[in-house]
Every structure is written in C-alpha cells, then in structure tokens.
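We will go from stop to stop.

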Amino acid sequence: MAKVSIVMGSDSDLPVMAKAAKVLEELGVEYEMTIISAHREPDIFFEYAKGAEERGIKVIIAGAGMAAHLPGMCAALFPLPVIGIPMHTASLGGRDSLYSIVQMPSGIPVATVAIDGAKNAGILAAKILAIGDGELLGRLKAYTENMKQEVQAKDARLKEVGYENYKK
C-alpha cells in the first residue's frame, strides 16, 4: 500500500516530480503518482485529497507552478504532512510558485522545498515516515553515508588529477 502520494497539476511537471519517485524507490518507500488539477477538476481533486488518508497515505508531495494552489489545497483537506515543490516557471523563474506555497495562512502548513526540489521532497517524506519505521531509518542513514562517500571519492579524484584534468 502506498504511503506517499506524489501529485502534480500537469504532466509538464513529471520530469521534476519523477525525482521524488526515484528517491522513494531507492529508499524502498511505496508511493502513488497522480496528475490532478485543483482548478480544472475541483470535484475530483476534493475526492482525491479527502480520501488520501483512508487510502493509507501518510505524506503528500505536491508540485505546482505559478499560482501553486495544489499543495495548499492538499494541506487544507489532508490532515497529515504535505510537502510542496514549487515548479520553475518561464515568467518568474519559480519565485511565484515558491511564494504561493511558502506563504500559507496560519493553521495550514506546507513544508516547502526549493524550486524544482523534488529529490529533497522525497527524502523529507521518507524522514517523516522513518519516525515510526526503524528499517526505513536505517536505509536513510545508509543513503546519507553513500552521499558522504561520493563526495569523498570526488575529492580524492580532484587531489589525484588536479582541477585542470578533473572531469565528472
């Protein structure tokens, strides 16, 4: 049963949102992924958000651009954590999305990551779930250790070949 729901308002968000899915897969967290519009299909959206808890969802990751109402509306209807991902936009570079998600009214919090920060949203969702899951916590610790080892390997290579010859 999925524990995380990844939701986006358009398939144009999929390349970013897939990064959240990928990290959840790496950590062994079950998820569902949905394209749904709070504006263009509000009745379906309300049913989705109100029914998420009953479906076993513990965290919603919602990506949105421009007016970015999807994360906030999820938070208004879903009683558990919502993580918002502001999408980069052509007109304002994603600042519009960021401000719309981070400036939620009192009582309706949305944890907000960086513009296009889906990987961090996936990690944050896993950390929330790991509060009650020791095995997942162990996988998160191993994931963090792997990142540390990757940085150390890059540093060792830099020292070995010098910056002029360093290529990723």
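Predicted model: local features only at pLDDT ≥ 70, side-chain atom pairs only at ≥ 80, totals over all residues.

Residues are numbered from 1 along each chain as its sequence is written, and side-chain values use heavy atoms, without hydrogens and water.

**Stop 1: the sheet.** Show the strands (DSSP runs of E, at least two residues, numbered from the N terminus). Five strands form an open sheet with parallel pairing, in the order E2-E1-E3-E4-E5. Strands pair if DSSP finds at least two bridges between them. Select 31–35 and 111–112: these are the edge strands E2 and E5, each pairing on one side only. Now pick E1, residues 4–8; this strand and E3 pair over 5 bridges. Met8 stands opposite Gly63 in E3.

**Stop 2: the largest pocket.** A pocket is an open set of points on a 1 Å grid over the protein atoms alone, where a 1.4 Å probe fits, with protein on both sides within 12 Å along at least five of seven lines; lining residues have an atom within 4 Å of a point. Which residues lie nearest the centre of the largest pocket? Select Gly9, Asp13, Arg40, Ala64 and Gly65, out of 20 lining residues. Strand E3 (59–64) and helix H3 (69–77) each give two or more residues to this lining.

**Stop 3: the second largest pocket.** Its lining includes Lys19, Lys22, Tyr143 and Glu150. Helices H1 (14–26) and H6 (134–161) each supply at least two lining residues; helices are DSSP runs of H or I, at least four residues.
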